[in-house]
Amino acid sequence: MDKNPILSVKDLVVRFKLRGRVLTAIRSVSIDVFQGESLAIVGESGSGKSVLTKTFMGLLDNNGWIESGSIEYDGKDLAKFKTEKEWLEIRGGKIAMVFQDPMTSLSPLKTIGKQVEEAVVLHQKVKGEEAKKRTLEILAEVGIPDVETRYKQYPHEFSGGMRQRVVIAMALACKPQILICDEPTTALDVTIQAQILSLIKRMQEKYNLTVIFITHDLGVVAEMADRIAVMYAGDIIETGKCDEVFFNPQHPYTWALLGSLPQLGVKGENLYSIAGTPPNLFKEIKGDAFAPRNKYALKVDYVARPPYFSVSETHKARTWLLDPRSPKIEPPEYIRRLKEMEVK
């Protein structure tokens, strides 16, 4: 993994106007993404995972905008882009995305082959028979059998797993540096999920891709991620290498997320669930956004937003519990059980 970030987000604030009110979806987020790594962004629905990555491709809805901050990529600040022409230089050819539901990415009126071929023509600057040849090669590469026949078929003739392979093929046809996978296995059964994750891993190694995974499935995270960023209420509250976040989590929200893993349950006892609801993002959040749901919250959590405290060179968390002045609080029993699971 390269030491220099391929993409660097600094103090990013993203807002949306809804029914005459303003919602702050991303609250001063900073994160670096490194060349060749797999970064998983995890958190509950509505935590801001997809909104954050949409800003990397200029895909915010019309009622959303970047209020402040920067997104440095390839010597440019993407946060300053205003026109579709600027984004066309980045979207697809530099940063590509695989969405949760492949049917939203595929036209029902065009054959699979023509849709992948469009990406080949646009980004690989070839036409005619050469474009078709490359399309067939890419379809075969992502595990589509009998590509000559499949090339002529329509999306409705493919299974969900096969459609997801086609969408991955379209992304690869663009030859991107960064591939964003937004919940790419949610709609698939477990066997097909494993195949798609294995395919993404193989393609990452072959093309030296930097992969950003958006997911709430911690099983996917354990399988795919080099590094994890935990999001809550529009903020990244903990980042670290996969093992650091799984086996030495520091933020109470990360404890709560991990506590929801079924394998940490005890037979005969109810599965853990996080009490309360996320904060209202229409209102200004003071202190630690997780404080009202956090039984370990300190008084300062309701007053001042915690800074990042370093746990190691690669691991940091935004929690006052890491302040040297805070009382020593042991993580819950299930986190200790998780640490015992770690393979030494």
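Mentor: The count of salt bridges in this predicted model comes to 17, a salt bridge being a side-chain nitrogen of Lys or Arg within 4 Å of a carboxyl oxygen of Asp or Glu. One of them joins the side chains of Lys-94 and Asp-74, at 3.7 Å from N to O. Lys-94 sits in the loop between α2 (84-88) and β6 (95-98) and Asp-74 in the loop between β4 and β5 (76-77), so this pair ties together parts that are 20 residues apart in sequence.

Some ground rules come next. Residues are numbered from 1 along each chain as its sequence is written, and side-chain values use heavy atoms, with hydrogens and water left out. Because the model is predicted, local features need pLDDT of at least 70 and side-chain atom pairs count only at pLDDT 80 or more, while totals for chains, interfaces and linings use all residues. Helices (H or I, at least four residues) and strands (E, at least two) are DSSP runs, numbered from the N terminus. Two strands pair if DSSP finds at least two bridges between them.

Now the sheet. It is open and has four strands in the order β2-β1-β4-β5, with antiparallel pairing. β2 and β5 are the edge strands, each pairing on one side only. Strand β1 (residues 5-18) pairs with strand β2 (residues 21-34) over 10 bridges, in the antiparallel sense. Lys-17 has Val-22 in β2 as its bridge partner. These two strands form a hairpin with two residues between them, and Arg-19 in the turn has a positive phi of about 50°. β1 also pairs with strand β4 (residues 64-73), again antiparallel, over eight bridges. Here Val-14 has Ile-66 in β4 as its bridge partner, and Lys-10 stands opposite Ser-70 in β4.

Val-51 belongs to helix α1 (residues 49-54). Leaving aside residues up to four places away in sequence, Val-51 touches Val-14, Phe-16, Ala-25, Ile-26 and Leu-60; contact means heavy atoms within 4.5 Å. Gly-64 is 13 residues from Val-51 in sequence, and their C-alpha atoms are 9.4 Å apart.

Last, the wider setting. The chain is divided into domain 1 (5-225) and domain 2 (249-343), with bounds that come from an automatic or database domain assignment. Their C-alpha centres lie 30 Å apart. In contact are 15 residues of domain 1 and 15 residues of domain 2. The two domains bury about 1200 Å² between them, 55% of it from carbon and sulfur atoms; buried area is the accessible area (1.4 Å probe) that two parts lose on being put together, summed over both. On the domain 1 side, Arg-27, Glu-44 and Leu-218 lose the most area to domain 2, together 47% of what that side buries.

One salt bridge is counted between the domains. Arg-293 and Glu-44 form a salt bridge, their closest N and O atoms being 3.2 Å apart. With eight residues, β2 gives the most to the side of domain 1 that touches domain 2. The residues of that side divide into six nonpolar, five polar and four charged, where Ala, Val, Leu, Ile, Met, Phe, Trp, Tyr, Cys and Pro count as nonpolar, Asp, Glu, Lys and Arg as charged, and the others, Gly among them, as polar.
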